[in-house]
Amino acid sequence: MAGDYVILVENDRIYPIIHKELSTRLTKDQMELLHFVNNFDFYCSSGSYHPPAIEEYFNKTVQPYVENKISFLSWAHVDWATLEEPLHIIEEFERTVDKAVNLLSFPFICAYKGERMPDYLKTILPETHPYVLQDDDIIVCEQYLASSLK
């Protein structure tokens, strides 16, 4: 993905650490391709985890890239501990994002801390993501493939 823009949806406590590390590994020009989005703003722009508001924020974020045919990928970190909404809402959003990713054809990497994620959502991941990286292994999600064939 060299030369692509990266939309990094991360919390403002971790981002400075990531930025510092990346700045030791990437050139100044490569660092300029990094676009930071605060994950609390991204996921809770309406005051709570509300999928239509998140989808709107997401669309606004990627719109300039799509309109200008600029290649990009996205890395998103969800802080599950901050979410108090019903879990089915999160599942609904994951399915909506999956449709957008397939429609716009861009890599979208979601980062989850397994021990903080509710069990219910652990079963949803393989249905809404084609691959899961777990303990340094990339797993092809058969559930995702089966649901995409329907």
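Here is a short chat about a predicted model of one protein chain.

Visitor: What am I looking at? How many helices and strands are in the chain?
Guide: This is a predicted model. The chain has 7 helices and 6 strands.

Visitor: And in what order do the elements run from the N terminus?
Guide: The order is β-α-α-β-α-α-β-α-β-α-β-β-α. So the chain starts with a strand and ends with a helix, by the definition of these elements.

Visitor: How much of the chain counts as buried?
Guide: The chain has 150 residues, and 37% of them count as buried.

Visitor: What about the accessible surface of the chain?
Guide: That comes to about 9600 Å². Carbon and sulfur atoms hold 55% of that surface.

Visitor: Let's talk strands. Which strand is largely enclosed by the rest of the structure?
Guide: Strand E3, residues 72–77. It is largely enclosed because 5 of its 6 residues are buried.

Visitor: Which strand is joined to E3 by 5 bridges?
Guide: Strand E1, residues 5–10. E1 and E3 run parallel.

Visitor: Which residue in E3 is the bridge partner of Ile-7?
Guide: Ser-74 is the partner of Ile-7. Further on, Val-9 stands opposite Ala-76 in E3.

Visitor: How does E1 pair with E2, parallel or antiparallel?
Guide: Parallel, over 5 bridges. Strand E2 covers residues 34–38. Take Val-6: its bridge partner in E2 is Leu-34.

Visitor: Where do side chains point in a strand like that?
Guide: In a regular strand they alternate between the two faces of the sheet.

Visitor: New topic. How many salt bridges does the structure hold?
Guide: There are 2. Side chains of opposite charge can pair when their charged atoms come close.

Visitor: What does Arg-25 form a salt bridge with?
Guide: With Glu-21. Their closest N and O atoms are 2.5 Å apart.

Visitor: Where do Arg-25 and Glu-21 lie?
Guide: Both are in helix H1, residues 15–25. They sit 4 residues apart, which is about one turn of the helix.

Visitor: Is Arg-25 buried or exposed?
Guide: Arg-25 counts as exposed, because its relative accessibility is 63% and the cut-off for exposed is over 50%. Glu-21 has 39%, so it is partly exposed.

Visitor: And which side chains meet in the salt bridge of 3.9 Å?
Guide: Those of Lys-60 and Glu-56, taken from N to O. Both lie in helix H4, residues 51–67.

Visitor: How accessible are Lys-60 and Glu-56?
Guide: Lys-60 is exposed, at 56%. Glu-56 is partly exposed, at 47%.

Visitor: What else is in helix H4? Where does Phe-58 lie?
Guide: Phe-58 lies in helix H4 too. Its relative accessible area is 4%, so Phe-58 is buried.

Visitor: What does Phe-58 touch?
Guide: Leaving out residues up to four places away in sequence, Phe-58 touches Phe-42, Ala-100, Phe-106 and Phe-108.

Visitor: How many residues apart in sequence are Phe-58 and Ala-100?
Guide: They are 42 residues apart. In space, their C-alpha atoms are 9.6 Å apart.

Visitor: What share of the contacts in the chain comes from residues 24 or more positions apart?
Guide: Such pairs make up 67% of the contacts with a separation of 6 or more.

Visitor: Where does Tyr-131 lie, and is Tyr-131 buried or exposed?
Guide: Tyr-131 is in strand E5. With a relative accessible area of 54%, Tyr-131 is exposed.

Visitor: Last one. Where is His-129 found?
Guide: His-129 is in the loop between helix H6 (119–128) and strand E5 (131–134).

Visitor: Is His-129 buried or exposed?
Guide: Buried, because its relative accessible area is 10% and buried means under 20%.

Visitor: What joins the side chains of His-129 and Thr-128?
Guide: A polar contact of 3.0 Å.

Notes
Residues numbered from 1 in each chain as written. Predicted model: local features only at pLDDT ≥ 70, side-chain atom pairs only at ≥ 80, totals over all residues. Heavy atoms only, no water. Helix = DSSP H or I, 4+ residues; strand = E, 2+ residues; numbered from the N terminus. Buried < 20%, exposed > 50% of the residue type's maximum accessible area, 1.4 Å probe, protein only. Polar contact = N/O pair within 3.5 Å; in protein donor to acceptor, adjacent residues only side chain to side chain. Salt bridge = Lys/Arg side-chain N within 4 Å of Asp/Glu carboxyl O. Pairing = 2+ DSSP bridges. Contact = heavy atoms within 4.5 Å. Areas by Shrake-Rupley, 256 points an atom, 1.4 Å probe, with all protein chains shown as cover.
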